Amino acid sequence: MKLFKNFNFDKLKDGLSKTRNKLANSLSEVISGKAVIDEDILEKVEEILITSDIGFELTEKIIDKSRIKLKEEKDRSNINVLRIVREELLSVFANNSDNHEIKYKPYVILVVGVNGVGKTTTIGKLANNFSKNNLEVIVGAADTFRAAASEQLNIWAERAKVKIIQRQSGADPSSVAFETVNTAIKGNYDVAIIDTAGRLHNKANLMDELNKISRVISKVIPDAPHETLLVLDGNTGQNAVSQAQEFSKVTSISGLVITKLDGTAKGGVVFQICDKQKVPVKYIGVGESIDDLQSFDPESFVAAIFG
Ligand SMILES: Nc1nc2c(ncn2[C@@H]2O[C@H](COP(=O)(O)OP(=O)(O)OP(=O)(O)O)[C@@H](O)[C@H]2O)c(=O)[nH]1
Ligand SMILES: [Mg+2]
């Protein structure tokens, strides 16, 4: 069974306009009109890449390759450098397989990430997309930490017209997850999505709780959760990079969701995270409304940034 594909290039391009300005347009400005690309220009390119949240290591890789290729090639015109940068950035996603397949029923998705990154909103958007594609969805409010969290998920569940499992705040998050997965089995649901509290990556007890939720789910279905999505706020740049590192140390992340890519100049961070984590980006958030979650497509993402 195929997962949904939600894709709107214009919306993506629109959302990434600040990133495009910072990255691609600045590169063009530095390079265009120059007959020969020399060390001075490469230094400027390097500076633009670093300040575009692509990260030091990835930038060095790109600059080294550019240097080698420029030596090899006779045509040192501006288009070449831009092409190298573009190719190298795209190659970061080489392992970003287009794995949008539901192989199990119920397909259990656990959603994790620090507070405020957009977990609950993403679940609402995911539920809506699945539901629109004729999949029966159930969501579980395992964020029992904050009183309003369950109500917020409930609002999304109503919008997406899907079932929700809720308990009073302070209840054991694992028990909510357990009940959600059990109800999914009994009710013959296709997808179960579990919301979790915005745990701080430096709080060991919260990380333990996350592992406990995972363990409890796998007691009901041995292979579950089939997907553990880490949600990162693209707008936080370097912070998102360190969150990805911290989370992958303690739990096995199968995919990334990068939110708030609308209106940020820090979209370059997606390259850095993917380069460091070797975990595929599955979805990106480009706005606050229910249709603003897109399936991540590397080629289109790069094309949207480079115009
Ligand atoms: N512009 C924009 N805003 C977003 C996006 N995704 C989420 N938001 C907003 O980010 C804020 C936080 O979203 P939540 O879904 O509550 O975040 P959370 O991770 O569940 O937060 P906690 O439950 O506190 O841990 C809300 O105001 C959302 O509307 C996005 O892709 N673009
Ligand atoms: Mg939440």
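Tutor: Of the 307 residues in the protein chain, 47% are buried, where buried stands for 20 or more other C-beta atoms within 10 Å of a residue's own, exposed for 12 or fewer, and partly exposed for values in between, with C-beta atoms placed from the backbone. The model is predicted: local features need pLDDT of at least 70 and side-chain atom pairs count only at pLDDT 80 or more, whereas totals for chains, interfaces and linings use all residues. Residues are numbered from 1 along each chain as its sequence is written, while chains are lettered from A and ligands numbered from 1 in the order in which they are written.

The protein chain holds 12 helices and 8 strands, taken as DSSP runs numbered from the N terminus (helices H or I, at least four residues; strands E, at least two). Its radius of gyration is 21 Å, close to the 19 Å of the globule rule for 307 residues, so the chain is as compact as a globular protein of that length; the radius is taken over C-alpha atoms, and the rule is 2.2 Å times the number of residues to the power 0.38. Along the principal axes, the C-alpha trace spans about 70 × 40 × 30 Å. Among contacts with a separation of 6 or more, 77% join residues 24 or more positions apart, a contact being two C-beta atoms, placed from the backbone, within 7 Å.

The domain assignment gives domain 1 (9-91) and domain 2 (107-306); such bounds come from an automatic or database assignment. Taken over C-alpha atoms, the domain centres are 33 Å apart. Domain 1 brings 20 residues to the contact and domain 2 brings 24. On the side of domain 1 that touches domain 2, the elements giving two or more residues are α1 (9-15), α2 (17-31) and α5 (78-91). The most come from α2, with 6 residues. By type, this side of domain 1 has 9 nonpolar, 4 polar and 7 charged residues, with Ala, Val, Leu, Ile, Met, Phe, Trp, Tyr, Cys and Pro counted as nonpolar, Asp, Glu, Lys and Arg as charged, and the others, Gly among them, as polar.

Helix α3 covers residues 39-51. Its buried residues are Val-45, Ile-48 and Leu-49. Viewed down the axis of α3, they fall within an arc of 100°, so they line one face of the helix; the arc is that of the directions from the helix axis to the C-beta atoms. The face turned away from the buried side carries the exposed Glu-39, Asp-40 and Glu-43.

Technical notes:
The expected span of a helix is 1.5 Å times one less than its number of residues.
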